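This report describes selected features of one protein chain, for reading beside its sequence and coordinates.

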Amino acid sequence: MASRSFPSPVPDPDTEAFWQAAKDGTFMIGSCRNCGEKHYYPRSVCPHCGSDDVTLVASSGTGEIYSWSVLRRADPPYAIAYVTLDDGPTMMTNIVDCDLDALAIGQRVELVFSPTEDEDGPPVPTFRPTAP
């Protein structure tokens, strides 16, 4: 199966550290120092309590599929999904390196960084099913 091409992200002041960590091979999520909740995507304000006392922390990069859909009219077809991380947050992502017909809710997945159109740009976090 052919690989999907991912557009290159454009870092801004709120996401620059996240994308730099991705280039270094580390997946980060937000963590609020005020309420203790973790969140994804990187931002300067906690979506749970509104505090601006947030930081990035390394994520395990493992989780399970909460919901998914296959876009078969795309060329090549691909799967988008909500993945609930073992660290807490649920994130929208792509499921790669898999049989699109074998995906299931609750299926375990692991992080894999996928390259983007810009060879020098940061990779994007995607997930693939883990071995049962």
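The second largest pocket of this predicted model has a volume of about 220 Å³. Its lining is made up of 14 residues. Those nearest the centre of the pocket are Trp19, Tyr40, Met92, Val124 and Pro125. Helix 1, strand 6 (90-95) and strand 8 (124-129) are the elements that give two or more residues to this lining. Strand 6 supplies the largest share, with four residues.

**Aromatic contacts**

Tyr40, one of the residues nearest the centre of that pocket, also takes part in ring pairing. Ring pairs join Phe18, Trp19, Phe27, Tyr40 and Phe127 into a cluster. The count of aromatic pairs in the model comes to five. Phenylalanine 18 and tyrosine 40 form an edge-to-face pair, because their planes stand at 65° and the limit for this class is over 60 degrees. The centres of these two rings are 6.0 Å apart. This pair links distant parts of the chain, since phenylalanine 18 belongs to helix 1 (residues 16-23) and tyrosine 40 to the loop between strand 2 (38-39) and strand 3 (54-58), 22 residues apart.

Both partners are buried: phenylalanine 18 has a relative accessibility of 1%, and tyrosine 40 has a relative accessible area of 19%. Tyrosine 40 is counted as buried because its value of 19% falls under the 20% cut-off.

Tyrosine 40 also pairs with phenylalanine 27, and here the ring planes are at 45°, so the pair is tilted. The ring centres of phenylalanine 27 and tyrosine 40 lie 5.8 Å apart. Phenylalanine 27 is in the loop between helix 1 and strand 1 (28-32), and the pair therefore ties together parts of the chain that are 13 residues apart in sequence. Phenylalanine 27 is buried as well, at 3% relative accessibility.

Two arginine side chains lie over the faces of tyrosine rings, as listed below.

| Arginine | Tyrosine ring | Distance from the ring centre |
|---|---|---|
| Arginine 4 | Tyrosine 78 | 3.8 Å |
| Arginine 43 | Tyrosine 41 | 4.0 Å |

An open sheet is formed by three strands in the order 2-1-3, with antiparallel pairing. Strand 2 and strand 3 are at its edges, and each has a single partner strand, so one side of each has no neighbour in the sheet. The antiparallel pairing of strand 1 with strand 2 runs over two bridges. In this pairing, histidine 39 of strand 2 stands opposite glycine 30.

Arginine 33 is located in the loop between strand 1 and strand 2. The residue is exposed, because its relative accessible area is 55% and the threshold is over 50%. The C-alpha atom of arginine 33 is separated by 7.4 Å from that of threonine 55, although the two residues are 22 residues apart along the chain.

Strand 5 and strand 6 run antiparallel and are joined by six bridges. Tyrosine 82 has methionine 92 in strand 6 as its bridge partner. Methionine 92 is also among the residues nearest the centre of the second largest pocket. The hairpin of strand 5 and strand 6 has four residues between the strands, and glycine 88 in this hairpin has a positive phi near 125°.

**Local backbone geometry**

Which form does the peptide bond from aspartate 75 to proline 76 take? The bond is cis, with omega near 5°. Proline 76 is placed in the loop between strand 4 (62-71) and strand 5 (78-85).

Aspartate 97 has phi near 55°, a positive value in a residue other than glycine. The residue is found in the loop between strand 6 and strand 7 (108-114). With a relative accessible area of 59%, aspartate 97 is exposed.

Conventions: Residues are numbered from 1 along each chain as its sequence is written. This is a predicted model: local features need pLDDT of at least 70, side-chain atom pairs count only at pLDDT 80 or more; totals for chains, interfaces and linings use all residues. Side-chain values use heavy atoms; hydrogens and water are left out. Rings of Phe, Tyr and Trp (its six-membered ring) pair if their centres lie within 6.5 Å; planes under 30 degrees apart count as stacked, over 60 as edge-to-face and the rest as tilted. Buried means under 20% relative accessible area, exposed over 50%, partly exposed in between (1.4 Å probe, protein chains only). A charge sits over a ring if NZ of Lys or CZ of Arg is within 6 Å of the ring centre and within 35 degrees of the ring normal. On a 1 Å grid over the protein atoms alone, a cavity is a set of points where a 1.4 Å probe fits but cannot get out, and a pocket is an open set with protein on both sides within 12 Å along at least five of seven lines; lining residues have an atom within 4 Å of a point. Grid points are joined across faces, edges and corners, and a volume is the space filled by probe spheres set on the points. Two strands pair if DSSP finds at least two bridges between them.
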